[in-house]
Amino acid sequence: MKEKRTDKKVFFREYLEKQLKNAEFRKEYDAVDTEVRLAIEIAEARETAGLSQAELATALHTKQSNISRIERGAQNMTIGMLGKIAKALHCRLEIQIRHA
């Protein structure tokens, strides 16, 4: 008998928590902390807005693959692009530099 497949939405935070249990992944994650934190913030804001990557890409006049790269932390972004993303997600962009 075939097992029924249920489509379950996987949220980025849940996925990340599972991946962080892997020591090698954790080491690499820590090495790119700033990029990864920004990528996570964008992915979570998109999920909160109820948008798919494709929908956000349409709003930004770009491709879904570009959004995927952004959310993986594999895309350098300008402040201008960050502002466009924030606006498309109905968020406010704040940039801060703090003492560690």
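**Figure 1. Helix H3 in the lining of the largest pocket.** H3 contributes eight residues to the lining of the largest pocket, the largest share. The model shown is predicted. H3 spans residues 33–48, and helix H6 spans 79–88; each of the two supplies at least two residues of this lining.

**Figure 2. Centre of the largest pocket.** The largest pocket holds about 860 Å³ of space. Its lining consists of 26 residues. Those that lie nearest the centre are Leu 38, Leu 82, Leu 93, Glu 94 and Ile 95. By residue class, the lining of the largest pocket has 15 nonpolar, six charged and five polar members.

**Figure 3. Centre of the second largest pocket.** About 280 Å³ of space lies in the second largest pocket. Phe 12, Phe 25, Val 36, Glu 71 and Arg 72 are the closest to its centre, out of 16 residues that line this pocket. The lining of the second largest pocket comprises nine nonpolar, four charged and three polar residues.

**Figure 4. Helices around the second largest pocket.** Which helices each supply at least two residues of the lining of the second largest pocket? They are H1 (12–19), H2 (23–31), H3 and H5 (64–72). H3 gives the most to this lining, with four residues. H3 also gives the largest share of the lining of the largest pocket.

Conventions. Residues numbered from 1 in each chain as written. Predicted model: local features only at pLDDT ≥ 70, side-chain atom pairs only at ≥ 80, totals over all residues. Heavy atoms only, no water. 1 Å grid on protein atoms, 1.4 Å probe; cavity = no way out; pocket = protein on both sides within 12 Å on 5 of 7 lines; lining within 4 Å. Points joined across faces, edges and corners; volume = space filled by probe spheres on them. Nonpolar A, V, L, I, M, F, W, Y, C, P; charged D, E, K, R; others polar.
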